[in-house]
Amino acid sequence: MTFEEKQDIEGRIVDVLKTVYDPEIPVDIYNLGLIYKVDVKDDMTVDIDMTFTAPTCPAAEFIVEDVRQKVSALEGIVSTTVNLVFEPEWTKDMMSEEARLDLGMD
């Protein structure tokens with residue numbers, strides 16, 4: 001896979017991640033800063049490291065499955081593994097400027 005192909009796939013993954021929402025927050029998980037890593041491997045498997053605003057998020061299972069299904073549905077992707085990580089701990093500083101504006105935090 002060329003560098004350009006990998007960038008294209010990563011861009012499509014980010015676009016899909018921007019369609020995943022925590023039901024309690026009106027901002028997508030990507031702009032919330034919950035996605036720590038997207039790794040597309042040469043065999044077209046994807047590893048995603050993500051976190052939540054709180055370790056006890058009641059929608060965690062739903063959100064993780066939504067991420068896995070949507071990314072795996074992209075053309076060419078063989079499988080997706082979503083790893084929940086809590087280091088570093090999520091803070092409001094990880095949100096995009098757009099997310100902070102949407103939530104009235106700027």
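Modeller: Contact, the term behind packing here, means heavy atoms within 4.5 Å. Helices (H or I, at least four residues) and strands (E, at least two) are DSSP runs, numbered from the N terminus. This is a predicted model, in which local features need pLDDT of at least 70 and side-chain atom pairs count only at pLDDT 80 or more, while totals for chains, interfaces and linings use all residues. Residues are numbered from 1 along each chain as its sequence is written, and side-chain values use heavy atoms, with hydrogens and water left out.

Colleague: Against what do the buried residues of helix 1 pack?

Modeller: They pack against strand 1, strand 2 and helix 2 (60-72). Buried means under 20% relative accessible area, exposed over 50%, and partly exposed in between (1.4 Å probe, protein chains only).

Colleague: Which residues of helix 1 are buried?

Modeller: The buried residues are Ile9, Ile13, Val14, Val16 and Leu17. They cover an arc of only 160° around the axis, so they lie on the same side of helix 1. That arc is taken from the directions from the helix axis to the C-beta atoms.

Colleague: And which exposed residues does the face turned away carry?

Modeller: That face of helix 1 carries Glu4 and Asp15.

Colleague: How do strand 1 and strand 2 run?

Modeller: Strand 1 and strand 2 run antiparallel, joined by five bridges. Two strands pair if DSSP finds at least two bridges between them. Val40 stands opposite Val46 in strand 2.

Colleague: What stands opposite Val46 in strand 3?

Modeller: Thr80 does. Strand 2 and strand 3 pair in the parallel sense over six bridges. With helix 2, these two strands make a right-handed β-α-β unit. Right-handed means that, with the strands pointing away from the viewer, the path from the first strand over the helix to the second runs clockwise.

Colleague: A change of topic: where does Met44 lie?

Modeller: Met44 lies in the loop between strand 1 (35-40) and strand 2 (45-50). Its phi is positive, about 70°, although Met44 is not a glycine. Most residues other than glycine have a negative phi, and most peptide bonds are trans.

Colleague: Is Met44 buried or exposed?

Modeller: Met44 is buried, with a relative accessible area of 18%.

Colleague: Which residues does the cis peptide bond join?

Modeller: The cis bond joins Glu87 and Pro88, with omega about -5°. Pro88 lies in the loop between strand 3 (79-84) and helix 3 (97-102).
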